[in-house]
Amino acid sequence: MPDAAPSVPDVPPPPETVRLLWTYDFLDYDFGIEHPMSPVRLDLTIALVRELGLAPSEGVTVVEPVIASDETIARIHEPAYIAAVRAVSAGAVPDESLGLGTQDDPVFPAMHEASARIYGASCDAAAAVWSGAATHAINVAGGMHHAMPGAAAGFCVYNDAAGAVRRLLDDGAQRVAYVDLDAHHGDGVELAFRDDPRVLTFSVHQNPMTLFPGTGFATDTGGPGAPGSAVNLALPPRTDAAGWLRAIDAVLPHALRAFAPEVIVSQHGCDSHRFDPLSDLRTSVAAQRTAAVWVHELAHELCGGRWVALGGGGYAVVRVVPFAWTGVLAEAAHRPFAPGTPVPPAWRARAQEMTEDVLPTTMDWPDVEFAPWSAGYDPGVELDRAVQATRSAAFPLLGLDPHH
Ligand SMILES: [Zn+2]
Ligand SMILES: [Zn+2]
């Protein structure tokens, strides 16, 4: 058929692969016994993942991360700050103006190495997804979204989430979406890219008038170099699971479809849970899993599946974090828990000793019923006013109708 147009070979797509970045050395990121971000949360998460047979498993590989070089960290952080982190790790007196040695970020001996390992893992996850080595990649130790170019902040030393986005750009991506589901504003990531039109940052969080870091209002829509590049959804304290999903559904899919990213980096901080001691939001593991399902679906709809998922905040370290992040991995692996899947008894016995909360006996959670925005909204309701504020501020800059 010499005159026929060359036909596209009918080759099936390669099977999806999931890359889980993990090493027990992640547990070295430890601010001490008094600090809310206990490494127990990671230990219990991976123990649950293993006992459920999720990783390693067919299609899910476990890869040991490398410690990022100073050069790689300097794609986000100032060299003088990296040098300061190295110095305090070696015993120097910390400079609190750099956020080091503070109540939020006390110094510990492995601080540089442990932080650089998390950063390196998220960069690896980004590179693997962009190259096609993996369809989805997950670093539950990551999501350190508050770290600033020249300072530690909010339990975060090196901003691996920003590092992952930077790595994607460095490797050739032209449109990267960052989705931050943590109860706190993803300020460090937004700041890193607020003047870069190649990056859209979306953050849903508790109203910054009432919670650290005090930024992330609806009217914050990006820097002068990239208007519309930031979308901030600031929700009233006490927003529940249904309200949280209603708000996300009213904004996130519209913004992402308008932006048309090639790849999504998401941060799954689970501190919006009603049992979390550090926020006043009242979501549930079920809602957090639903949000992960949505991000996953958007990655397949818009990005050929390319999805990097990170951990983040989460201070109900026994009762919530392991269930939330095991759920993210199960979702990425396309292996959601069947109804009645038991929590592995050995895991449950071990974890139950660490908490007075009664732990769940099954891995599945019922779907959260919520009223979609498309069915109407009520300006008399505080949540709906917050959602409409975001739509009004951000949507026109994305070419979207805020009232539709
Ligand atoms: Zn948080
Ligand atoms: Zn998938």
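In the predicted model, the side chain of Thr 239 reaches the backbone oxygen of Pro 236 at 2.6 Å, a polar contact being a pair of N or O atoms within 3.5 Å in which, within protein, one atom must be able to donate a hydrogen and the other to accept it, and for which residues adjacent in sequence count only if both atoms are side-chain atoms. The model is predicted, with local features requiring pLDDT of at least 70 and side-chain atom pairs counted only at pLDDT 80 or more, whereas totals for chains, interfaces and linings use all residues. Residues are numbered from 1 along each chain as its sequence is written, chains are lettered from A and ligands numbered from 1 in the order in which they are written, and side-chain values use heavy atoms, with hydrogens and water left out.

Thr 239 is placed in the loop between strand S6 (230-235) and H7, helices (H or I, at least four residues) and strands (E, at least two) being DSSP runs numbered from the N terminus. With a relative accessible area of 7%, Thr 239 is buried (under 20% relative accessible area, with exposed over 50% and partly exposed in between, for a 1.4 Å probe and protein chains only). Not counting residues up to four places away in sequence, Thr 239 touches Trp 244, Asp 280, Leu 281, Arg 282, Thr 283 and Leu 383, where contact means heavy atoms within 4.5 Å.

Of the 19 residues of H7, 14 are buried, so the helix is largely enclosed by the rest of the structure. H7 bends by about 30 degrees at Asp 249, and Pro 253 follows within four residues; the bend is the angle between axes fitted to the seven residues ending at a residue and the seven starting there. Ala 260, which follows H7, has a positive phi near 55 degrees.

Glu 16 lies in the segment before strand S1 (18-21) and His 296 in helix H8 (residues 285-303), so the pair ties together parts that are 280 residues apart in sequence. Glu 16 is partly exposed at 29% relative accessibility, whereas His 296 is buried at 3%.
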